[in-house]
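Subject: Structure handover

Hello,

Here is the structure I promised you. Please open it first, then read my notes below.

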Amino acid sequence: MPFIEKKYPSDPAAYRQFVDAIAAELKEKSVMGPGPRIIEEQQRRGGFIHVTVIWDEWKNVPVEDRGRIIMDAYERERNDVILKITVALGLTSDEAHRLGIDT
Amino acid sequence: MITDGGTMSLRARLSTVETCGSFRTAAEERFWDGFALATECGDRRMGAIYLFGYVAEILLKAAFYRAIGLADTAPVGLGAIRAHASWQGRNFHDIRALALLLVDHRRQTGAPFDPAFAGLLAMHAATVDANWNESLRYREISASDAEVVEVYRSVEWIRDNAHVL
């Protein structure tokens, strides 16, 4: 019988570092710099928000993990809006440019 | 004259009623049609992308109709999309807008997606949209292997998750 071992792909320490970095950006709200670019797009109805974080550090992070990292960072720094967020998406700048959502 | 379909022509055999169930069946058929083109020798990649785009469109529409409470056998129509207050599409083939309509509708009816899941849905819809629109049929253009793989992966994600959309 074959033996198949499936390890959890994410490194918990790296995960925390990503959450820390985005939470720091949410706190500082810097205008310039190499950190994550956070776009909060207010929706027309209901005060809901789509959050896109454009950051080249995402390159080695599975796309499935990025939204959860963003939500964890918001939970820490912007808990007031957490229930308003309906979309959380992390993209590298190349990915964002290719999808036409880098503005 | 070819009469494999019996005495009626193909168009005559088409049901005049579209339903969520028929949408999902059609999406599955178009998915495998696209897959056959994508894996065929010769440059049939554009045809594959053309069909894959419709698979995404049909599955998102079926998900929306189900989200507004229509049964599998109930007739569906574009009026429900057009009339929805959250609809912002440029036309009814707008894949991004269909995905965001679904996200918005689910949120407003108290059954929201997890935002991280909604992010994946938005990303895969945007990926299809970046490579496809319905007017491709009029265009003379070739698609690369990378493009067909990119569209295939996103449509496959939508298809794999169609039961929870």
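Helices are DSSP runs of H or I, at least four residues, numbered from the N terminus. This is a predicted model: local features need pLDDT of at least 70, side-chain atom pairs count only at pLDDT 80 or more, and totals for chains, interfaces and linings use all residues. Residues are numbered from 1 along each chain as its sequence is written, while chains are lettered from A and ligands numbered from 1 in the order in which they are written.

The axes of α5 (residues 95-108) and α6 (residues 115-131) of chain B come within 8 Å and cross at roughly 165°. Axes are lines fitted to C-alpha atoms over the stretch in contact, with angles from 0 to 180 degrees between N-to-C directions. That makes α5(B) roughly antiparallel to α6(B) (over 145 degrees).

Contact means C-beta atoms, placed from the backbone, within 7 Å. On α5(B), the contact residues include Ala99(B) and Val103(B).

**Where chain B touches chain A**

This contact takes 17 residues from chain B and 18 residues from chain A. On the chain B side, α6(B) gives the most, with 10 residues.

**One residue in α5**

Leu101(B) is found in helix α5 of chain B. Leu101(B) is buried, with 23 other C-beta atoms within 10 Å (buried takes 20 or more). Among the residues it touches are Phe64(B) and Trp87(B).

Best wishes

Key: Helices (H or I, at least four residues) and strands (E, at least two) are DSSP runs, numbered from the N terminus. Angles under 35 degrees count as roughly parallel, over 145 as roughly antiparallel, 65 to 115 as roughly perpendicular and the rest as oblique. Two residues are in contact if their C-beta atoms, placed from the backbone, lie within 7 Å. A residue is buried if 20 or more other C-beta atoms lie within 10 Å of its own, exposed if 12 or fewer, and partly exposed in between; C-beta atoms are placed from the backbone. Lists of a residue's contacts leave out its neighbours within four places in sequence.
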